[in-house]
Amino acid sequence: MKLTGTYRCPAPRARVYAALIDPVVLQRCIEGAEQLVRTAGDEYDVRMRIGIGAVKGVFSGTVRLADMQAPEAFTLHVEGKGAPGFVSGSARIRLDDAEPGTAITCDADGQVGGVLAAVGSRLVDAAGRRMMDRFFERLGREFDPPTTS
Amino acid sequence: MSTTTGEKIGYVGRAMKRVEDPRLVKGIATYVDDLRLPGMLHAVFVRSPHAHARVKRIRTDAARAAGGVVGVFTGAEVNAQCGTIPCASSFPDLKSPKHTVLAGDRAYFVGHPVAVVVAATPYAAADAAELVDVDYEPLPVVTDPEKALEAGSPLTHPDLGTNAAFTWNLTGGDIDAAFAKADRVIRQRMYHQRLTPMPIEPRGCVASYQPGEGTLTLWTSTQIPHLIRTLLPGMIGIAENKLRVVAPEVGGGFGAKLNLYAEEALCSHLAMRLGAPVKWIEGRRENAAATIHGRDQVGDYEVAVSKDGRILGLRNRTIADLGSYLQLLTPAIPTLTGLVVTGAYKIPAVRMDVVGVYTNKMSTDAYRGAGRPEATYLIERLVDLVAAELGLDPVEVRRRNFPAPEEFPFNTATGLTFDSGNYEGALRKAQQLARWDELVARRTSRRRAGALFGIGVSTYVEICAMGPSKAMAAGGWEWGCVRIEISGKVTVITGVTPHGQGQETTFAQIVADRLGVPIEDIVVLHGDTSVAHYGRDTYGSRGTAVCGSAIVMCVDRILEKARRLAAALLDARPEQVEFADGAFAVKGSGGKRLGWTELAGEAYIAKNLPRGFEPGLEASAFFEPENFTFPFGTHICAVEVNRDTGDVTIVQYVAVDDCGNQINPLLVEGQVQGGIAHSIGQALFERTVYDEHGQLLTGEFMDYPMPRAEDIPDYVLGSTVTPSPVNPLGVKGVGEAGTIGATPAIANAVMDALRPLGVTHLDLPLAPEKLWRAIRQGHKE
Amino acid sequence: MSTAPFNYTRPKTLDEALALLTAHGGNAKLLAGGHSLIPAMKLRLAQPKMLLDITRLEALRRIEERDGRLVIGALATHAEIAANRTVASRCPLLAEVAASIGDLQVRNRGTIGGSIVHADPAADWPAAILALDAELEIAGRMRRRMEAAGDFFMDIFETSVEPDEILCEIRVPVPAGPGAYVKTAQKASGFALCGVAAVVDAKARRVRVAVTGVAAVPYRATGVEEALAGKPLTAETIAAAARHAAADITPLGDIHASAEYRAHLAEVNTTLALQRAAAR
């Protein structure tokens, strides 16, 4: 499964980069991430609850940041396993100045295994895209101006 | 010598419904899953989600602690006690990995069992299986068998040092001379896709150990209870004569159940180890992932031809994707392809080189047709390509290369002797049934109207009645027994294990005619090694030809003994006694007649037997076939391809099959119908898909398309009858003919439809998108 | 192939069902036809703690005409809709779609509401629901609300029905204009690789075209609709308009059909659906 997407974020590149490698922000942006605990320098244990329709599963695994070139690019490696199977993949994330804000390009390559692959192959791409879209949508909201109430 | 009254009563040759049908139609047959034994435990397997991984650690404590769980076992706890899964084929340089019942420190394919949970209920076992935590380290995956042979490829089994399991070649005639003198050489690369057999009943077994007697009974959904009884004892440490194997009703096999599988061996071991019956029922997804697959050969094929269309030689290199392990016949399948690669033609020179390759997938093995569909497809495609290249009529090219009826028995360059045949006769009859001239005219007019209309022909020959023991790893004979019971009823016991072939009916037809008894008085027993003591079981379209012949031998022996008994009771000499209509009488006397009831009564009560006459009235026999049989036929298919979508509609389908004498034409037709249905699937849409990571993407009926009623056109079926000289019934076998003859007819028809667009060859399956792309490409050019 | 443990209860009224749904939070699933849920449970991809069997809520399975609307209860089965006389006379497109779903067993058990709320991107109903400008009545504990079909399908397997709500009815304005549904089925599953529903309003010279199976979310092919607005329906205008059938969407691709082929099928099936609808 290969996914590519380009997103825009209404903030300068350095701030977006900082947010993207901040575990607190990552946890907020990864839908279903219940836990993100640093285990080594750039490695985190993660627990995610993923639900697509009636299909729900809890995955536990690791998130690792690599090849970091602040504030331009880094690679995100994700591995997780759960009852429905396993997921693994990596995404190269590139940030470019795009006035106003930042353009983010994400090239992801992922694999699913187990029951998910055997019965859900037709949905994996669409589900992966949805998760990617949601991630960057949430990231964008991190930079929304604070609302006054 | 056989005295028969067959012609008079005439069950044989009559289209009769199967005696098996009512219990199947009513849903009252007994399958493995219907068995309930006191104290029975249930096994659920934990399987690898990775195509290739190191098994670093298996944590079973949570599963062991779960409610209802009796035990959780990993490879470390059972592999040493269970031996290895047998493969019956051997080659001089065959490299084989150690095939243990559970994965050891590596998992080699998606679905590879790594642990088993045994619990009081199937639900508890499934719940606990989820708690087994396996730590895998993914390893490089081998999925493409051609790349697997390149230097530097990752290895499926690093300990073997290569992905090549074996190389095998077959040569006949002077191949170099054939190509040297050829007017034309036609080359084509072809891929014969992997298929999943998908019997409607998945596998399953119940193993039960009786500690007092020290005996084990294994009920299993299999085609081969006898071969399992031969092979399993050495694996699990039990004497052959303390093992009983029973195949209850089997809901489809198609070769997928022609194997001894890890689950059967392990459940047997666990029943002995735990002292309780253990049941395992395979799920559909398990069946798709961990029951053998079929086909999966790719090759570069070339034929040398003279300009008048005579085929001088056939050369090819075939790569067979074996999957990760050798199952029972895995390496033998591509060699079967080699044996019939010359098809129904007089091809004087042949060379075939096969490389069997290990990949991180489920094993391939015998799937209905087993090697012959691959051969038939490639030669029949090649003949069409030859015709196209030379501007000849494909039917005429076939005709020019047939051996004539008087040339039989015909020796092929591949070393076979075709027993009997009239290929021209079957072709002619098929053309008549298809109204050939009208069909060709229809193609012309439909093409003129802009339609993509094609006609495909396949003239096939295949190998059945497996087989002479010298050619079969575990013997190719068959055993039967016929017993006249004390009541006069007749019990027939067969060493083959029918599971849809209908021999409860056909064997009764044969015996009823020869003994002159009503067919209702006959019961045919099979599939239980304590009832049918010997047998080599059902595969390779062998049941009727090989075991039917054994049963004829039994009947002859009974008739001979009964004649002696009747003579004694009638105060005559045996040669004075004649047998007619189920009774013995002194010739021309018009006097007392002794039927089976009287004779059986005398034979068992044994008060009036002549001195030295052995009581009882039964006979058993082993039949050893002197040769295989070689059924043949012609299939003609006409299709129309939708230009916008690539959808294929079969507009006409005609098949003429010659399987020798027919015991029951209705069952012959049923076998052909089902076989063609399988072919429609293979030709048009079926394929097993692994992705580049070795993940199985066709793991359910949601993604693996089986042919359905709506896909099946009205067939016009006919037959010719060329009896086989190699068995007393003159039969050949028909269980696989449809899967062998039909796929190339359909493929040739679709290719013919696309010919006006300049398309010459596409690999199977000819699914709509592939055709749409070819049509679009054709339009562009 | 056995499910994880779960509890089961059969509420007698819609209010009871809604109360239970709220009480169990995200742990409960509604059981109607069960044709998507049960397989997912058997594969253990879905492990709800509680199944609320709503199949006996008779009020939710009625099919009737009310105030210029054909009202179809969410629990009506595909087979019931396919065979219903009111449907046949007032909105035959629905019967055509119903008859194209799965196989006989699926149609006998599967329900329109279950299918729509499950929102499989390859399900048949969404195309018809969108093309017919249907409205959906959704009940929550505190309120009932109507949702336009166009606002209902949010994402792959996601609709605007909240976890504590129940879809009650599908309402279609009738008489509906002539319509047609043209589907290319995925060979194994019978789901739509591409299903196109077209409805023609001859008087207003307006068409509605909706496509399922092609994108992650079923959609109205507005490009096609606009290209035909006010125009007579001829082979030429239809063919020209159908080229917009997959414009502005990202088609799905899988082992059964590439994104490109799906987009192509959208055009082919749109053409056929419009031709058939126009001829009816």
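This is a predicted model: local features need pLDDT of at least 70, side-chain atom pairs count only at pLDDT 80 or more; totals for chains, interfaces and linings use all residues.
To show them, colour residues 6-28 and 467-623 of chain B as domain 1, and residues 32-139 and 198-290 as domain 2. Taken over C-alpha atoms, the domain centres are 38 Å apart. On the domain 1 side, 19 residues take part in the contact, and on the domain 2 side 20 residues.

Now look for charged pairs. Two salt bridges are found across this domain interface. Select B:Glu249 and B:Arg23, whose side chains form a salt bridge at 2.6 Å, N to O. Coloured by class, the side of domain 1 of chain B that touches domain 2 of chain B shows six nonpolar, nine polar and four charged residues.

Stay in chain B and centre on B:Ser306. This residue sits in the loop that runs between β13 (294-305) and β14 (311-323) of chain B. Is B:Ser306 buried or exposed? B:Ser306 counts as buried because its relative accessibility is 13%, and the cut-off for buried is under 20%. Leaving aside residues up to four places away in sequence, B:Ser306 touches B:Asp183, B:Leu312 and B:Leu390.

Move to the boundary of chain B with chain A. Here 15 residues of chain B are in contact with 14 residues of chain A. The two chains bury about 1,200 Å² between them, and 52% of this lies on carbon and sulfur atoms. Select B:Arg285, B:His693 and B:Gln695, which supply 35% of the area that chain B buries against chain A, more than any other three residues.

One salt bridge is counted between chain B and chain A. To see it, pick B:Asp133 and A:Lys81; their side chains meet at 3.0 Å, N to O. Then select strand β6 (residues 133-138) of chain B, which gives the most to the side of chain B that touches chain A, with three residues. By class, that side of chain B has five nonpolar, four polar and six charged residues. Three residue pairs, both members at pLDDT 80 or more, are in polar contact between chain B and chain A.

The last stop is chain C against chain B. The contact involves 22 residues of chain C and 29 residues of chain B, and the buried area is about 2,000 Å², 53% of it from carbon and sulfur atoms. Select C:Lys187, C:Ile255 and C:Tyr261, which supply 32% of the area that chain C buries against chain B, more than any other three residues.

Five salt bridges cross this interface. Pick B:Arg773 and C:Glu260, whose side chains meet in a salt bridge at 2.8 Å, N to O. Finish by colouring the side of chain C that touches chain B by class: 11 residues are nonpolar, eight polar and three charged.

Methods
Residues are numbered from 1 along each chain as its sequence is written. Chains are lettered from A and ligands numbered from 1 in the order in which they are written. Side-chain values use heavy atoms; hydrogens and water are left out. Contact means heavy atoms within 4.5 Å. Buried area is the accessible area (1.4 Å probe) that two parts lose on being put together, summed over both. A salt bridge is a side-chain nitrogen of Lys or Arg within 4 Å of a carboxyl oxygen of Asp or Glu. A polar contact is a pair of N or O atoms within 3.5 Å; within protein, one must be able to donate a hydrogen and the other to accept it, and residues adjacent in sequence count only if both atoms are side-chain atoms. Helices (H or I, at least four residues) and strands (E, at least two) are DSSP runs, numbered from the N terminus. Ala, Val, Leu, Ile, Met, Phe, Trp, Tyr, Cys and Pro count as nonpolar, Asp, Glu, Lys and Arg as charged, and the others, Gly among them, as polar. Buried means under 20% relative accessible area, exposed over 50%, partly exposed in between (1.4 Å probe, protein chains only). Domain bounds come from an automatic or database domain assignment.
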